[in-house]
Amino acid sequence: SSVDVGAIETKNITAINCMKDSVITVERKVAIDTHTLEMADNAKLKLTGDESSECLINAADHILIDSGSSIECSFRSFDMRCKTVELKGTMIVHERCACA
């Protein structure tokens, strides 16, 4: 399944799971606040904004990008905060990236 949206904003969500060939394309803003973010089974998160677009992924516990899955970001800013990242797949960031 695939979905194209202008913005994603979440707060206080326990888990976000992107599974089984899902493709999420976001054009303007991503503000994700969750405990765990899991991308598996060839899931793809594509952030295709312009120079004013911003991404913040705040995962209190864990981010998993499994084999075959990917995050690709062409936003001006990509800010990822988490305790642990398990990266088996691909993460491509075209502009400025901050990871804490």
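Which residue forms a salt bridge with E9, and how far apart are the closest N and O atoms? The points below take up this pair and other features of the model, which is a predicted one.

1. The partner of E9 is K29, and the closest N and O atoms of this salt bridge are 3.8 Å apart. Because E9 belongs to strand β1 and K29 to strand β3, the pair ties together parts that are 20 residues apart in sequence. E9 counts as exposed, with 55% relative accessibility, whereas K29 counts as partly exposed at 38%. In general terms, side chains of opposite charge can pair when their charged atoms come close.

2. The whole structure contains four salt bridges. One of them joins R76 to E54, with the closest N and O atoms 2.3 Å apart. R76 is placed in the loop between β6 and β7 and E54 in strand β5, so this pair ties together parts that are 22 residues apart in sequence. R76 is partly exposed, at 34% relative accessibility, and E54 is likewise partly exposed, at 39%.

3. A salt bridge is also formed by the side chains of E86 and K88, at 3.3 Å from N to O.

4. A7 is located in strand β1, which covers residues 2–9. Its relative accessibility of 36% places A7 among the partly exposed residues. Leaving aside residues up to four places away in sequence, A7 touches V26, R28 and K29.

5. S53 is found in the loop between β4 (44–47) and β5 (54–65). Is S53 buried or exposed? S53 is buried, because its relative accessible area is 2% and the limit for burial is under 20%. The side chain of S53 reaches the backbone oxygen of R28 at 3.3 Å. With residues up to four places away in sequence left out, the contacts of S53 are E27, R28, F75, R76 and S77. R28 is also touched by A7, and R76 also takes part in the salt bridge with E54.

6. The largest nonpolar core comprises 23 residues, and those with the most contacts inside it are L47, I57, I63 and F78. Two or more residues are contributed to this core by each of β2 (13–18), β3 (23–39), β4, β5, β6 (70–73) and β7 (77–87). The most is given by β3, with six residues. As background, nonpolar side chains in soluble globular proteins tend to be buried together.

7. Not counting residues up to four places away in sequence, L47 touches V26, V30, C55, E72, C73, S74, F75 and F78. Among these contacts, V26 is also touched by A7, and F75 is also touched by S53.

8. Most residues other than glycine have a negative phi. D21, although not a glycine, has a positive phi of about 60°; D21 is placed in the loop between β2 and β3 and is partly exposed at 40% relative accessibility. D41, also not a glycine, has a positive phi of about 55°. The place of D41 is in the loop between β3 and β4, and D41 is partly exposed, with a relative accessible area of 39%.

Notes. Residues are numbered from 1 along each chain as its sequence is written. This is a predicted model: local features need pLDDT of at least 70, side-chain atom pairs count only at pLDDT 80 or more; totals for chains, interfaces and linings use all residues. Side-chain values use heavy atoms; hydrogens and water are left out. Helices (H or I, at least four residues) and strands (E, at least two) are DSSP runs, numbered from the N terminus. Buried means under 20% relative accessible area, exposed over 50%, partly exposed in between (1.4 Å probe, protein chains only). Contact means heavy atoms within 4.5 Å. A polar contact is a pair of N or O atoms within 3.5 Å; within protein, one must be able to donate a hydrogen and the other to accept it, and residues adjacent in sequence count only if both atoms are side-chain atoms. A nonpolar core is a set of buried Ala, Val, Leu, Ile, Met, Phe, Trp, Tyr and Cys residues joined through side-chain atoms within 4.5 Å.
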